[in-house]
Amino acid sequence: MMTDVAEQSGSLERDDGRTGTGQPEATDARTGTDDSAAAERIVAIRQRIDEIDRTIIALWQERAALSQEVGATRMASGGTRLVLSREREILERFRQALGGDGTQLALLLLRAGRGPL
Ligand SMILES: C=C(O[C@@H]1C=C(C(=O)O)C=C[C@H]1O)C(=O)O
């Protein structure tokens, strides 16, 4: 049975005995596989994953800054810092799109936009 994760400390050995040489084949610790075609595909997919993560981080930061600006603008005009009906709409939007994880994600987004209360 293959192991589930690649350890940071170095290569893992397969324990499925597929090589039949008596010598355990080293699993590439970086990709988690010793199959070169699979490893190549994994590296390519990871490039896109890294790109997506950078975009998510940039959008997260932009959203937080905009949300804080709305709060500051509203308070400067005598309004409230938060509008709970709007927050409920956002929570529902994320829940409908992503289920329970969406709700958790939206809660974190809203918290990021609040800054220190
Ligand atoms: C950004 C706003 O202010 C607050 C922050 C929100 C958000 O981060 O989406 C939503 C509602 C408000 O509690 C807003 O009213 O639109």
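The model is predicted: local features need pLDDT of at least 70, side-chain atom pairs count only at pLDDT 80 or more, and totals for chains, interfaces and linings use all residues. Residues are numbered from 1 along each chain as its sequence is written.

**The whole protein.** Display the protein as a cartoon. It contains three helices and two strands, where helices (H or I, at least four residues) and strands (E, at least two) are DSSP runs, numbered from the N terminus. Along the sequence, these elements follow the pattern β-β-α-α-α. Of the 117 residues, 3% count as buried, that is, with 20 or more other C-beta atoms, placed from the backbone, within 10 Å of their own.

**The two domains.** Next, select 1-34 as domain 1 and 35-114 as domain 2; such bounds come from an automatic or database domain assignment. The contact between them takes four residues from domain 1 and five residues from domain 2. Two residues are in contact if their C-beta atoms, placed from the backbone, lie within 7 Å. The side of domain 1 that touches domain 2 has two polar and two charged residues, and no nonpolar ones.

**The ligand.** Finally, select Ser67, Val70, Gly71, Leu82, Val83, Arg86, Glu87, Ile90, Leu110 and Gly113, the residues around the ligand. A residue is near a molecule if its C-beta atom, placed from the backbone, lies within 6 Å of it. At least two residues of this shell come from each of α1 (36-76), α2 (84-98) and α3 (100-114). The shell comprises five nonpolar, three polar and two charged residues. Ala, Val, Leu, Ile, Met, Phe, Trp, Tyr, Cys and Pro count as nonpolar, Asp, Glu, Lys and Arg as charged, and the others, Gly among them, as polar.

Terms used: Buried ≥ 20, exposed ≤ 12 C-beta atoms within 10 Å, placed from the backbone.
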